[in-house]
Amino acid sequence: MKQAGIILLVLGLALTIFTSFNYSTKEDIVKIGDMKITADEPHTMNWSPIAGIAVMGIGAILVWQSGKTRKI
């Protein structure tokens, strides 16, 4: 459980620092027989830094809960 919490803390930190990333896909524009014309279509993925803070919060709770010892 502690390892999952640490992973979520690191992931949340990355989501908070990097709030978007870009990627491109190839789109077919014209296709005539064997000849084809393609173009790169850019896409952007955006998210709020609040999502990263929420993931860090969940990771912190997991780390904190795994450190507790239960006495019967």
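**Fold and aromatic contacts**

Me: Among contacts between residues at least 6 apart in sequence, what percentage join residues at least 24 apart?

Reply: The model is a predicted one. Contacts here are heavy atoms within 4.5 Å. Among those between residues at least 6 apart in sequence, the share joining residues at least 24 apart is 59%.

Me: In what order do the elements of the protein run from the N terminus on?

Reply: The secondary structure comprises two helices and two strands. Read from the N terminus on, the order of these elements is α-β-β-α.

Me: What percentage of the 72 residues is buried?

Reply: The accessible surface comes to about 6,100 Å², with 65% of it belonging to carbon and sulfur atoms. A residue is buried under 20% relative accessible area. Of the 72 residues, the buried ones make up 7%.

Me: Why is the pair of F21 and Y23 classed as it is?

Reply: Two aromatic pairs are counted in the protein. In the pair of F21 and Y23, the ring centres are 6.1 Å apart and the planes stand at 35°. Planes under 30 degrees apart would count as stacked and those over 60 as edge-to-face. The angle of 35° therefore makes this pair tilted.

Me: How many residues apart are F21 and W47, the pair that links distant parts of the chain?

Reply: The rings of F21 and W47 have centres 6.0 Å apart and planes at 55°, so this pair is tilted. F21 lies in strand β1 (residues 20-32), whereas W47 lies in the loop between β2 (35-46) and α2 (49-67); their separation in the chain is 26 residues.

Me: Are the residues F21, Y23 and W47 buried, exposed or partly exposed?

Reply: F21, Y23 and W47 form one aromatic cluster. The partly exposed class lies between under 20% for buried and over 50% for exposed. F21 has 41% relative accessibility and is therefore partly exposed. Y23, at 38%, is partly exposed, and W47, at 25%, is likewise partly exposed.

Me: How far apart are the mean positions of the positive and negative charges?

Reply: The protein carries 7 positive and 5 negative charges. Lys and Arg count as positive, Asp and Glu as negative. The distance between the two mean positions is 32 Å.

Definitions and conventions:
Residues are numbered from 1 along each chain as its sequence is written. This is a predicted model: local features need pLDDT of at least 70, side-chain atom pairs count only at pLDDT 80 or more; totals for chains, interfaces and linings use all residues. Side-chain values use heavy atoms; hydrogens and water are left out. Rings of Phe, Tyr and Trp (its six-membered ring) pair if their centres lie within 6.5 Å; planes under 30 degrees apart count as stacked, over 60 as edge-to-face and the rest as tilted. Buried means under 20% relative accessible area, exposed over 50%, partly exposed in between (1.4 Å probe, protein chains only). Helices (H or I, at least four residues) and strands (E, at least two) are DSSP runs, numbered from the N terminus. Accessible areas come from the Shrake-Rupley method with a 1.4 Å probe; for residues, only the protein chains shown count as cover. The place of a charge is taken as NZ of Lys, CZ of Arg, CG of Asp or CD of Glu.
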